[in-house]
Amino acid sequence: MDNNRSISLTQLFIIFFRVGAFTFGGGYAMLPIIQRELVDKQGWLKEEDFIDMIGLTQSAPGPVAVNSAIYLGYRLRGLGGAVSSVIGCVLPSLLVIMGIAWALSRYNLDLLNRAFAGVRPAVVSLITYAAWTMGKKVLKNPQTIVFATVAAVAIIAFDLHPAIAIVTGALLNIGLNRPRKEESQA
Amino acid sequence: MMILWKLFATFAFIGSLAFGGGYVMIPLIDSQVVETLGWLTSTEFADIVAIAEMTPGPIAINTATYVGFRMAGVLGSVVATAGVVFPSFVIVMILARVVAHFSNSVYLQTALGGIRPVVVGLIASAAWSFGAKTLIDLKSWLVAAAVLLALAKTKINPILLIIASFGVGILFF
């Protein structure tokens, strides 16, 4: 998947512009959009690469959508890919917010409020669907099911920081499975 | 000129500390922009957060754009946004390089084997938390159920589902 010349910078820009324009209610809602574009439609990424991307970028600071754009842009087309993806991703915010800051009085806020009340439940399902498709791929044995369940419960019930959950998962799996040079485990 | 540099530096500082996504940044921005620098009042800041939540895009980007615009117009927006993205840009790119370089290492592969199920749990927890706040009446449950069914059973573009639920919101909420 690294630095594939057949992927144009314009394509990356357009895909992440769409991602940025339709990210509501926090970054995870845009996962099905990226998945559809890069994994299902273009086949530029394997499902595993997509899941790894989320785990890795979530252990760095920054919004999910922005970090995904940088990581995937860089892996697919190097520095230029990272730049065009991240500009695509933040441009819709820039335009919309500048528009609102400029002409706040002209907006019918009630209409906007109702529209967003309709989108919020859709966001729940977008996120649920992302968890579901990844779960089908990843949760194949008891250990992975325990990892996922413990992580979810710890984050919901004890406010565990996601970055800590990710690092713990990585270290625990190395500790439990003792990788050796000649055999590859996952 | 001074204000542009100050915007960039302030938002780069905020961006470098925002582990765990946009919502983590809100208290950071509050302490820097409202309390330390006095660029905004706390009422203005609350309005910005509400607008940032309603509009598309990561909340941190939206807030940076708004504050930048208030302080120094269009250029201020661009500079503040560039600032908030800059630390992620550097760190994530280093991460991508390291991962590409060690992609054959069994340690990296085993670490990723442990990370993948955690990611599933992480996203499931996001769905849970967001659902607990959002699915409050029959209407919202129906929209959520319809969208989930459409995602699971059809190949429909998720963007169309978002637009459709906007329409439903305007008509029925």
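These legends describe close-up views of a predicted model.

**View 1. Helix H3 of chain A crosses helix H5 of chain B.** On H3(A), the contact is made by A:Ile51, A:Asp52, A:Ile54 and A:Gly55. H5(B) contributes B:Leu112, B:Ile115, B:Arg116, B:Val118 and B:Val119. By class, this contact has 6 nonpolar, 1 polar and 2 charged residues.

**View 2. The largest nonpolar core holds 111 residues.** The members that touch the most others are A:Ile70, A:Val86, A:Ile127 and B:Ile123. Helix H4 of chain B (residues 59–101) gives the most to this core, with 18 residues. Two domains of chain B, domain 1 (2–101) and domain 2 (112–172), each supply at least three residues to the core.

**View 3. A:Ile127 and its contacts in both chains.**

**View 4. The side of chain B that touches chain A.** The contact takes 81 residues from chain B and 93 residues from chain A. Elements of chain B that give two or more residues include helix H1 (2–17), helix H2 (22–36), helix H6 (138–153) and helix H7 (158–172). H5(B) gives the most, with 26 residues. By class, this side of chain B has 54 nonpolar, 25 polar and 2 charged residues.

Key:
Residues are numbered from 1 along each chain as its sequence is written. Chains are lettered from A and ligands numbered from 1 in the order in which they are written. This is a predicted model: local features need pLDDT of at least 70, side-chain atom pairs count only at pLDDT 80 or more; totals for chains, interfaces and linings use all residues. Axes are lines fitted to C-alpha atoms, for helices over the stretch in contact, and angles run from 0 to 180 degrees between N-to-C directions. Helices (H or I, at least four residues) and strands (E, at least two) are DSSP runs, numbered from the N terminus. Two residues are in contact if their C-beta atoms, placed from the backbone, lie within 7 Å. Ala, Val, Leu, Ile, Met, Phe, Trp, Tyr, Cys and Pro count as nonpolar, Asp, Glu, Lys and Arg as charged, and the others, Gly among them, as polar. A nonpolar core is a set of buried Ala, Val, Leu, Ile, Met, Phe, Trp, Tyr and Cys residues joined through C-beta atoms within 7 Å. A residue is buried if 20 or more other C-beta atoms lie within 10 Å of its own, exposed if 12 or fewer, and partly exposed in between; C-beta atoms are placed from the backbone. Domain bounds come from an automatic or database domain assignment. Lists of a residue's contacts leave out its neighbours within four places in sequence.
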